[in-house]
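Load the model in your viewer and get ready to click around. We'll go from stop to stop, selecting a few residues at a time.

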Amino acid sequence: MDCGYFTDREEFGARQGAPSFSAFGSGGDIELLLAPTSAAAFAEAVRALRLGGERFEVLGRATNVLFPDCRTEGAVLSTGGLRGEEVRGGTVWLAAGEKLGAAAQRAQKRGLSGLENIASVPGSIGGAVAMNAGAYGREICELVEYVDVLSDGKTARLSPQECGFGYRSSVFGKDTIVIGAALKLVQASPYDVAESMREFKRRRTASQPSGRSLGSVFRRAEGTSAGWFVERAGFKGARAGGAEVSRKHANFIVNRGGATSADFVELMERVRDGVKAYCGTELVPEVVILRGSQILH
């Protein structure tokens, strides 16, 4: 199948190996990586893949996705090629592939507040909406005015109530794909917004590790940060190959060099089993693990 039409070659065309696409820097080759640059092209890509009987998964910028060490069979369809922004008063519409940090910087220059807490979070608008990303007590669903989606080959517009937002969850996935979202921001002093962004960045830098990771490994449990359980179970600094539980924040697994996806999974499972044995708490992964052509949570 000739899918070159759908690929943003400047950014994604050379990325046929998962290490260059994955935030963790591990994984094998990707059989086919597509990044359509319009909603129409995205719909056509989905249609072509389904008609051809191709296995595929839909991802954003994969900043919280672990790719398998073996070759990823089938296609990875990324919303990262969807770009665009429209500003109407305090409402900002952003295409799914727009980066959170860049969008927050532009909002700051316009004197629009609301994105400061996630300005330093890696990833894209589409991925953030799909997983209802959040930080420091706020989630992106609190800003959503509506979400544009692709479903059954057609575009539609969903209200926040139709999005099924929950803690790190929503209705979005392979069958209902985020194409863009309108976020309702509020007018504020550009200086004050910039100061707020700097403070959140300072807090993030002070508490979270640098280097390659997939962000938070586990979801909050019993209203408490998963890192609290991991640290008390004695797993800070634990290693499997090149993967290590961060000594700075126990809910991060970092790549200390040469880590494989198998290292990550082994360490994650050891931590999960160890926490359950220690206090009976069942930790649920926040990281998405891609196995072959299926996404498993």
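Which residues have the most contacts inside the largest nonpolar core? Select L77, L115, V147 and L183: these have the most contacts inside that core, which has 49 residues. A nonpolar core here is a set of buried Ala, Val, Leu, Ile, Met, Phe, Trp, Tyr and Cys residues joined through side-chain atoms within 4.5 Å. Buried means under 20% relative accessible area, exposed means over 50%, and partly exposed is in between, using a 1.4 Å probe on protein chains only. Strand β12 gives the most to this core, with six residues.

Before moving on, some housekeeping. You're looking at a predicted model, where local features need pLDDT of at least 70 and side-chain atom pairs count only at pLDDT 80 or more, while totals for chains, interfaces and linings use all residues. Residues are numbered from 1 along each chain as its sequence is written, and side-chain values use heavy atoms, with hydrogens and water left out.

**Stop 1: around L115**

Keep L115 selected and show what it touches. Not counting residues up to four places away in sequence, you'll find A103, A104, A107, L143, L183 and L185; contact means heavy atoms within 4.5 Å. Apart from the core you started in lies another one, of 26 residues, with A238, A240, A250 and V265 among them.

**Stop 2: helix α3**

Now select residues 39-51, which make up helix α3. Helices (H or I, at least four residues) and strands (E, at least two) are DSSP runs, numbered from the N terminus. How far apart are the end C-alpha atoms of α3? They are 18 Å apart, which agrees with the 18 Å that its 13 residues should span at 1.5 Å a residue; the expected span is 1.5 Å times one less than the number of residues.

Colour A41, F42, A43, A45, V46, A48 and L49, the buried residues in this helix. They pack against β1 (30-34), β2 (56-59), β4 (72-78), β10 (144-151) and β12 (176-184). After α3 comes G53, whose phi is positive, near 70°.

**Stop 3**

Most residues other than glycine have a negative phi. Select A62, in the loop between β2 and β3 (65-66): its phi is positive, near 60°. A62 counts as buried because its relative accessibility is 4%.

Then jump to R168, in the loop between β11 (154-158) and β12. Here phi is near 55°, again a positive value in a residue other than glycine. Is R168 buried or exposed? It is buried, with a relative accessible area of 15%.

**Stop 4**

Leaving aside neighbours within four places in sequence, E139 is in contact with N132, A133, G134, G166, Y167 and R168. At 23% relative accessibility, E139 counts as partly exposed.

For a buried strand residue, pick L66 in β3, which has a relative accessible area of 2%. Its contacts, leaving aside neighbours within four places in sequence, include F24, S26, L214, F264 and V288.

**Stop 5: the cavity**

How many cavities of 30 Å³ or more does a search of the whole structure find? One. To see the lining of the largest cavity, select V217, F218, V230, V245, A250, N251, F252, I253 and V271. About 40 Å³ of space lies inside.

A cavity is a set of points, on a 1 Å grid over the protein atoms alone, where a 1.4 Å probe fits but cannot get out, and lining residues have an atom within 4 Å of a point. By class, the lining has eight nonpolar, one polar and no charged residues.

**Stop 6**

Select G215, in the loop between α6 and α7 (226-232). G215 touches N251 and F252, not counting residues up to four places away in sequence. G215 and F252 are 37 residues apart in sequence and 6.0 Å apart in space, C-alpha to C-alpha.

Last, find A188 in the loop between β13 (186-187) and α6 (190-207). A188 is partly exposed, with a relative accessible area of 31%. Leaving aside neighbours within four places in sequence, A188 is in contact with G111, S113 and V193.

Key: 1 Å grid on protein atoms, 1.4 Å probe; cavity = no way out; pocket = protein on both sides within 12 Å on 5 of 7 lines; lining within 4 Å. Points joined across faces, edges and corners; volume = space filled by probe spheres on them. Nonpolar A, V, L, I, M, F, W, Y, C, P; charged D, E, K, R; others polar.
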